[in-house]
Amino acid sequence: MNILLTGASRGIGAATLLLLREHGHRVAGHSTAGGGGLIAADFVDPAAPRALWKAALAELDGRIDVIVNNAGVFEGVAEDASDDEWHAVWGRTLGINLQASADLCRLALNHYRDRGDGGRIVNVASRAAYRGDSPHHWQYAASKAGMVGITKSIARGYASEGILAFAVCPGFVMTGMAEEYLSSRGGEQVLADIPLGRVAEPAEIAEVIRWLSCDAPPSATGAVIDVNGASFVR
Ligand SMILES: NC(=O)c1ccc[n+]([C@@H]2O[C@H](COP(=O)([O-])OP(=O)(O)OC[C@H]3O[C@@H](n4cnc5c(N)ncnc54)[C@H](OP(=O)(O)O)[C@@H]3O)[C@@H](O)[C@H]2O)c1
């Protein structure tokens, strides 16, 4: 399959890129600055998702079967921050995590419709979508809840055209994004909250993304898969 994967430079994205390629898929990977064979696109720029889509289509000979929206930021802002600071973090988080994902979902959807033979969308959301996040991360939880809302809307709206949409909601995963949080909140307290006794490995999330991208049966469209060591069961 031909797959466009955002945020492929490190963490979950890097593990996913490796796994998908091991399984023989053609993957156009992306990161903010590019390099190492990845396509550059900084999602702070509203024009970046369309430019990325075009570059990925060119790299994949005009056909994309799956879009994986994995790129994201986890930035905190205090309740008593200045209005400017508050709006800047909200704007960046919603722009990168939610708007860019929505834009790429729309581009994928229209591409699948034009082709007429369906396609898949996999959105990497978070446990925070359902559970909420820490006091300085409302905007992160809001962005991820938004991704789940997009996923379900697409699943319900376009299943009849063979367009399938799924979301993954990881809890803590051993990547740079979680490290800062784990060290600031006290790793032991976080671990005590995870019945499995450890945070997830990026390869575990990658395997769920691979399955949703390639193997999940069509009737599973709209599903949100939790991967959190039972730290949040619902
Ligand atoms: N780690 C966790 O505990 C955890 C838990 C739940 C959900 N998630 C979600 O899983 C996904 C991957 O997380 P991760 O932990 O692997 O993150 P990570 O290691 O911090 O990597 C983030 C990825 O997003 C890209 N990115 C960052 N800012 C960007 C921007 N302005 N424009 C375009 N791309 C940008 C980065 O590219 P560069 O390398 O070029 O900066 C990188 O590839 C995210 O959506 C995250 O919210 C993670």
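Guide: First, a handy rule: angles under 35 degrees count as roughly parallel, over 145 as roughly antiparallel, 65 to 115 as roughly perpendicular and the rest as oblique. This is a predicted model, where local features need pLDDT of at least 70, side-chain atom pairs need 80 or more, and totals for chains, interfaces and linings use all residues. Residues count from 1 along each chain as its sequence is written.

Visitor: OK, at what angle do H2 and H3 cross?

Guide: Helix H2 (residues 48–59) and helix H3 (residues 83–115) cross at roughly 40°, their axes coming within 9 Å. Axes are lines fitted to C-alpha atoms, for helices over the stretch in contact, with angles from 0 to 180 degrees between N-to-C directions. The two helices are therefore oblique to each other. Helices (H or I, at least four residues) and strands (E, at least two) are DSSP runs, numbered from the N terminus.

Visitor: Which residues in H2 and H3 meet?

Guide: Ala48, Pro49, Arg50 and Trp53 from H2 meet Ala100, Asp103, Leu104 and Leu107 from H3; contact is C-beta atoms, placed from the backbone, within 7 Å.

Visitor: Switching topic: in what order do the sheet's strands run?

Guide: Seven strands make an open sheet, E3-E2-E1-E4-E5-E6-E7, with parallel pairing. Pairing takes at least two DSSP bridges. Strands E3 (39–40) and E7 (224–227) are the edges, each pairing on one side only.

Visitor: What's opposite Ile39 in E3?

Guide: His30 is. E3 pairs with strand E2 (residues 26–31) over two bridges, in the parallel sense.

Visitor: And which strands does H5 lie across?

Guide: Helix H5 (residues 138–158) lies across E5 (119–124), E6 (163–170) and E7, at about 155° to E6. Helix H8 (residues 202–215) lies across E1 (2–5), E4 (66–69), E5, E6 and E7, at about 170° to E6.

Technical notes
Two residues are in contact if their C-beta atoms, placed from the backbone, lie within 7 Å.
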